[in-house]
Amino acid sequence: MITETNAVNFRQNLGAMLNQVQYRHDGVMINKDGKLVAVLIDAHLFERIRRMQGRFDALCQRIEAGFSQAPESTGIAEIESVAACFI
């Protein structure tokens, strides 16, 4: 479950919200002046996201290198075609 709160409420209830994230593995979306500014998530989920980000960056570099000699429109069309298979 994801809880949405404002920055003032988050500050006032920090301990409870940390427990919510740590023990229930929930997330907390923190808004300030009506805009989302941060998300508090479980440390294990954060580590998974960091690992996935590294893999995603490496994949993007490989795709960029593979299409470096192709016109941009050709590369984008090919990527969109492959991505459509996964939707």
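**Pocket.** I looked up the lining of the largest pocket and found Ile63, Phe67, Glu78, Ile79, Val82, Ala83 and Phe86. A pocket here is an open set of points on a 1 Å grid over the protein atoms alone, with protein on both sides within 12 Å along at least five of seven lines, and lining residues have an atom within 4 Å of a point. The model is predicted: local features need pLDDT of at least 70, side-chain atom pairs count only at pLDDT 80 or more, and totals for chains, interfaces and linings use all residues. Residues are numbered from 1 along each chain as its sequence is written, and side-chain values use heavy atoms, without hydrogens and water.

I noted about 160 Å³ of space in this largest pocket, the volume being that filled by probe spheres (1.4 Å probe) set on the points. Helix 4 (residues 72-84) gives the largest share of the lining, 4 residues. By class I read 6 nonpolar, no polar and 1 charged residues.

**Sheet.** I then took the strands (DSSP E runs of at least two residues; helices are H or I runs of at least four). An open sheet holds 3 of them in the order 1-2-3, with mixed pairing (at least two DSSP bridges per pair). Strand 1 (2-6) and strand 3 (35-40) each have a single partner strand, so one side of each lacks a neighbour in the sheet. Strand 2 (residues 27-32) runs antiparallel to strand 3, joined by 5 bridges. In strand 3, valine 39 stands opposite methionine 29.

**Helix 2.** I found helix 2 (residues 14-24) packed on the sheet, touching strand 1, strand 2 and strand 3 (contact: heavy atoms within 4.5 Å). Its direction makes about 140 degrees with that of strand 2, on axes fitted to C-alpha atoms, for helices over the stretch in contact, with angles from 0 to 180 degrees between N-to-C directions.

Notes. Nonpolar A, V, L, I, M, F, W, Y, C, P; charged D, E, K, R; others polar.
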